[in-house]
Amino acid sequence: MTYPSAPYDLHQPASVDEAMALMTRYPDALYLAGGTDLVVNLRRRIREPGHVIALRRIGDLRGIALDGGHLTIGALTTISAVAAHPEVQRRMPALAEAAGLVAGPTIRNMGTQGGNLCLDTRCRYYNQSFFWRKANDFCLKKDGEVCHVAPGGSFCWAAYSGDTAPVLLLHDAELELVSPQGARRVTLAEFYGSDGRWSVGTEPGGLRPGELLLRVHVPLPPAGAACVYEKLRVRDSIDYPLVGLALRVDWADEAARRIGAIAMALTAVNPRPERVGGLEPLTGATLDMAAVAHLQKQAHRTGKPMRTTVADPAYRRAMIGTLVEKACTRLARELDGPLMEQARWA
Ligand SMILES: Cc1cc2nc3c(=O)[nH]c(=O)nc-3n(C[C@H](O)[C@H](O)[C@H](O)COP(=O)(O)OP(=O)(O)OC[C@H]3O[C@@H](n4cnc5c(N)ncnc54)[C@H](O)[C@@H]3O)c2cc1C
Ligand code: SF4
């Protein structure tokens, strides 16, 4: 059933300065980029701003530039442009891969890099129509008092489910932000709060009210770095991740599979994209079955799938380990086949 959104005034500034002037005047306003997430949430009355500031006319915020050792991605660059950009494909193939796996082609053509990083968190009790949510007494994240996923708690487990963030985390991306109060630059890791309500500004760390993401800056990885992104979803043609996993290895010696540095990050299983800790013992080690087992153990410690999707949390948890295997076999083909089979049944 479709409902109209609550009434709002639409503004279409042509520059960041104009957008800031509008935000100063209408502090309850929300920014609209591609609208693939926000418009749905407006129609569900999950978001009810009096004013919406559409960003599409701000040409400065579109495009990808290679500048010295950095890649700069304008917040309004479409996801399909990120996936198809030759320098992204050449220098950061995992980012092109993750972008290419976002939703389906129509959404990738509308959705933007900025919107992907600022995506609201998701939960089966929240991403529903107003009618549905009302019939269920709403929930802690919007209009209600109880969390249906973890009743009795005061924490929201809604999962951040953007595909590009885990890859960008492993590349130490930084965000350039501006608000009527001034500009700041933060690392992507600092950007997200731990509570699933972050996107409505209840916790510091996330996007602050009125703040506009201008650009994403990503240092180019050195030669010898390899990164892959693996995604589990119900329908490959369109769905959000049930689990997403990025794995990066900076090889000390690729032929011998000797690791110089290794990093891993998860999406869709926690309220924010999470870097997996405890991987230091693998520095200098060989990417072998023991290393795979260590990566799986640490990923399981970090990922906390809850009843926020229709898929069973135990299944999603088990699949974290499977995605680790898939990622490792892509980085070291020798691991595929009998070795992995043996370890799986050990
Ligand atoms: C059917 C469907 C499937 C989807 N599947 C996936 C998927 O598989 N993977 C995935 O990652 N996403 C998925 N999405 C979500 C979404 O389409 C993408 O994440 C997209 O990149 C969002 O970008 P947007 O420009 O449309 O964001 P918008 O909808 O315009 O905005 C999203 C949020 O970010 C804020 N915002 C946007 N731009 C800025 C900015 N520059 N500064 C500050 N705030 C900003 C908005 O206020 C809003 O709160 C899916 C959506 C749908 C409808
Ligand atoms: S995790 Fe709980 S509070 Fe958060 S959206 Fe779901 S039901 Fe609501």
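Helices (H or I, at least four residues) and strands (E, at least two) are DSSP runs, numbered from the N terminus. The structure is a predicted model, in which local features need pLDDT of at least 70 and side-chain atom pairs count only at pLDDT 80 or more, whereas totals for chains, interfaces and linings use all residues. Residues are numbered from 1 along each chain as its sequence is written, chains are lettered from A and ligands numbered from 1 in the order in which they are written, and side-chain values use heavy atoms, with hydrogens and water left out.

The protein chain contains 13 helices and twelve strands. Its radius of gyration, taken over C-alpha atoms, is compared with a globule rule of 2.2 Å times the number of residues to the power 0.38. For 346 residues a compact globule would have a value near 20 Å, and the protein chain, at 20 Å, agrees with this. The C-alpha trace spans about 60 × 50 × 35 Å along its principal axes. Of the 346 residues, 54% are buried, where buried means under 20% relative accessible area, exposed over 50%, and partly exposed in between (1.4 Å probe, protein chains only). The protein chain exposes about 15200 Å², of which carbon and sulfur atoms supply 53%; accessible areas come from the Shrake-Rupley method with a 1.4 Å probe, and for residues only the protein chains shown count as cover. With contact defined as heavy atoms within 4.5 Å, residues 24 or more positions apart account for 64% of the contacts with a separation of 6 or more.

Domain bounds, which come from an automatic or database domain assignment, divide the protein chain into domain 1 (9-53), domain 2 (61-119 + 159-219) and domain 3 (226-345). The centres of domain 1 and domain 3, taken over C-alpha atoms, are separated by 37 Å.

An open sheet of five strands has the order β4-β5-β8-β6-β7, with antiparallel pairing; two strands pair if DSSP finds at least two bridges between them. β4 (64-67) and β7 (182-187) stand at the edges with a single partner strand each, so one side of each lacks a neighbour in the sheet. From one strand to the next, the twist averages 20°, with axes given by lines fitted to C-alpha atoms, for helices over the stretch in contact, and angles running from 0 to 180 degrees between N-to-C directions. Four bridges connect β4 and β5, and alanine 65 has threonine 72 in β5 as its bridge partner. Strand β5 (residues 70-74) is in turn joined to β8 by five bridges, with isoleucine 73 opposite valine 216 in β8. On pairing with β8, strand β6 (residues 174-179) also forms five bridges, and glutamate 174 stands opposite histidine 217. Strand β8 (residues 212-219) has six of its eight residues buried, so it is largely enclosed by the rest of the structure.

Glycine 224 lies in the loop between β8 and β9. Its relative accessibility of 36% places glycine 224 in the partly exposed class. Beyond its neighbours within four places in sequence, glycine 224 is in contact with Val249, Asp250 and Trp251. The C-alpha atoms of glycine 224 and tryptophan 251 are 5.5 Å apart, although the two residues are 27 positions apart in sequence.

A further open sheet consists of four strands in the order β9-β10-β11-β12, again with antiparallel pairing. Its edge strands, β9 (225-232) and β12 (274-275), each pair on one side only. Eight bridges link β9 to strand β10 (residues 243-253), and valine 228 stands opposite leucine 247 in β10. β10 and β11 pair over nine bridges, with glycine 244 opposite threonine 267 in β11. The hairpin formed by β10 and β11 has four residues between the strands, and arginine 257 in the turn has a positive phi of about 60°. β11 is mostly covered, with seven of its ten residues buried. Two bridges connect β11 and β12, where alanine 265 has arginine 275 in β12 as its bridge partner. These two strands, β11 and β12, form a hairpin with six residues between them, and alanine 268 in the turn shows a positive phi of about 75°.

Two helices lie across this sheet. Helix α11 (residues 289-302) lies across β10, β11 (258-267) and β12, at about 30° to β11. Helix α12 (residues 313-331) lies across β9, β10 and β11 and runs at about 145° to β9.
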